[in-house]
Amino acid sequence: MILQEAGIDPRAKWLLAEGADAAAMTRSVPLDKALDDALLVYAQNGEMLRPEQGYPLRLLLPGFEGNMNIKWLRRLKLGEQPFMTREETSKYTDLMPDGTARQFTFVMEAKSVIVRPSGGQTVRSRGFVEIQGYAWSGRGRILRLDVSVDGGRTWRAAQLQEPVLSKCLTAFRMPWQWDGEPAVLQSRAVDETGYVQPSRSALLAARGSESYYHYNGIQSWRVASDGSVENVHA
Amino acid sequence: MRSLCILLLAACTAARADGLGIGAPASADLVRAWNIDIAPDGRGLPPGEGSVAKGAQLFAERCAACHGRGGEGKPEDRLTGGQGTLASSTPVKTVGSFWPYATTLFDYVRRAMPFNAPQSLGNEEVYALVAYLLYLNGVVGADAVMDAHSLPTTQMPNRGGFISDPRPDTR
C-alpha cells in the first residue's frame, strides 16, 4: 500500500530496504515479493516493537531468510537491478563444492525440530512421553509431520496443532511410550508443495559443507538409557 | 518516530491525487543524507578520488586493529588472499577471492566502517581504502587511483562466481 501510494515506476523490479542502525544495513528484495505479502511491522501481540525488534518500524518478508527483515527501517528505494549490497554478495550466499555460490536464495525451506525432549533435557521416567515440536516452511503450509523414534527407520504421523497457517510456526505432538532403551528422535516436515525436509546427509550430498545459511536437515536427538538427551548426527 | 522515506526510480515524490493522501514528500536534504547506496554500474558514486598510498596509511590507522595489518583478519573478517580456494575443502572468502563487485566495497565501507565510527570517513578516504584493499588483493596496481570511473570498471576475480537459486535440490 505504501508503494502504491508513492507510485511505482513500471521499470522497477527490486526494492532496497535500508535500516537506521549504525551500519545502515541494506538488502535488495524482489518487487514481486514486496507486493505479494511483505509487511511493514510496528507492533506484535498488541504491543509496540521493542528496540531490539526494530522499533519503530521493520520490514517482514514471510518465508524469507531473517536477515532480510530490515529493522529500524528508514528508507525504501526502487530500482531496475538488485543493489548488490555486502549482505547479499559476500554474506548470505551459499558456497557450493565447485566454488560457485548461489545468490538470492531467499526462501527458507521446510524444517522442523523436536523441542521436547531435546538436547540438554532429561526424560525422567519410562512410559508415556509426549513428543512436542515445531515445523515451518517458507513455501506455504505444513502438510504433514512425521516422527521417528528409531533414527529414521520407521516414521509415524504426528498431530498438527491448529491453526496451521502458511509460512508460520506449526506445533506438532506425538505420544510415545519410552521403554528405557536408547532411542534417536527425529522429525520430518512435508509442506503443501510436496517438499520433504531432507536428511543431513542428503543436504551435504547436494550442497557440501560450506553452505550453511539454509541448513534445514533433519535434527536428531539421542535419548540415552539414563534419560539424558543430546544432539547427534544419525 | 522517524518518518519513512520513499524514494523512487523516477522523480515522483508527492502523493498521487487518487491516493490515500498519507505521508509527505521527503525533503531534498533528507534524501541526500540517506541516499548513499552505490549500484554495481557506479550510479551513486561521489566525486573525488583516492590512491593506494593514501589508503595504506588510512588502513593502518583506522582498520588494521580489527582486520590485521595486511587485511589478513583477526579478530574481524579477513579481507585479503584466498584466491583459488573456493572449490577446496577450506575455502577462504575475502574481498579478493569472493566479492563480485568493487562498488559494493565502497558502499559498505562508507556506510558501515570503521566499526566504532561508521559513516565518519570522507568520500576520498573511502576511495583510498578501496584502492588499497584492491591492491592488497592483486586486483589493481600500486599506483592505482580509484574514482567514480575506475571503480565500477574494475573487474573482480570472482565476478562470474554466482549462480541463481536452483532449489529445491534434494530428493
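1. In chain A, strand 8 and strand 9 (residues 101-102) run antiparallel and are joined by 2 bridges; helices (H or I, at least four residues) and strands (E, at least two) are DSSP runs numbered from the N terminus, and two strands pair if DSSP finds at least two bridges between them. Within this pair, Leu95(A) stands opposite Ala101(A) of strand 9.

2. This is a predicted model, in which local features need pLDDT of at least 70 and side-chain atom pairs count only at pLDDT 80 or more, while totals for chains, interfaces and linings use all residues. Residues are numbered from 1 along each chain as its sequence is written, and chains are lettered from A and ligands numbered from 1 in the order in which they are written.

3. Strand 9 of chain A is also joined by 2 bridges to strand 4 of chain B, the two running parallel, and here Arg102(A) stands opposite Ile163(B). The result is an open, mixed sheet of 3 strands in the order 8(A)-9(A)-4(B), whose edge strands, strand 8 (94-95) of chain A and strand 4 (162-163) of chain B, each pair on one side only.

4. Between the chains, 44 residues of chain B are in contact with 48 residues of chain A, contact meaning that the C-beta atoms, placed from the backbone, lie within 7 Å. On the side of chain B that touches chain A, strand 1 (5-7), helix 4 (102-112) and strand 4 each supply at least two residues, and helix 4 gives the largest share, 5 residues.

5. An automatic or database assignment divides chain A into domain 1 (2-92) and domain 2 (111-232), whose C-alpha centres lie 31 Å apart. Here 5 residues of domain 1 are in contact with 4 residues of domain 2.

Notes
Two residues are in contact if their C-beta atoms, placed from the backbone, lie within 7 Å.
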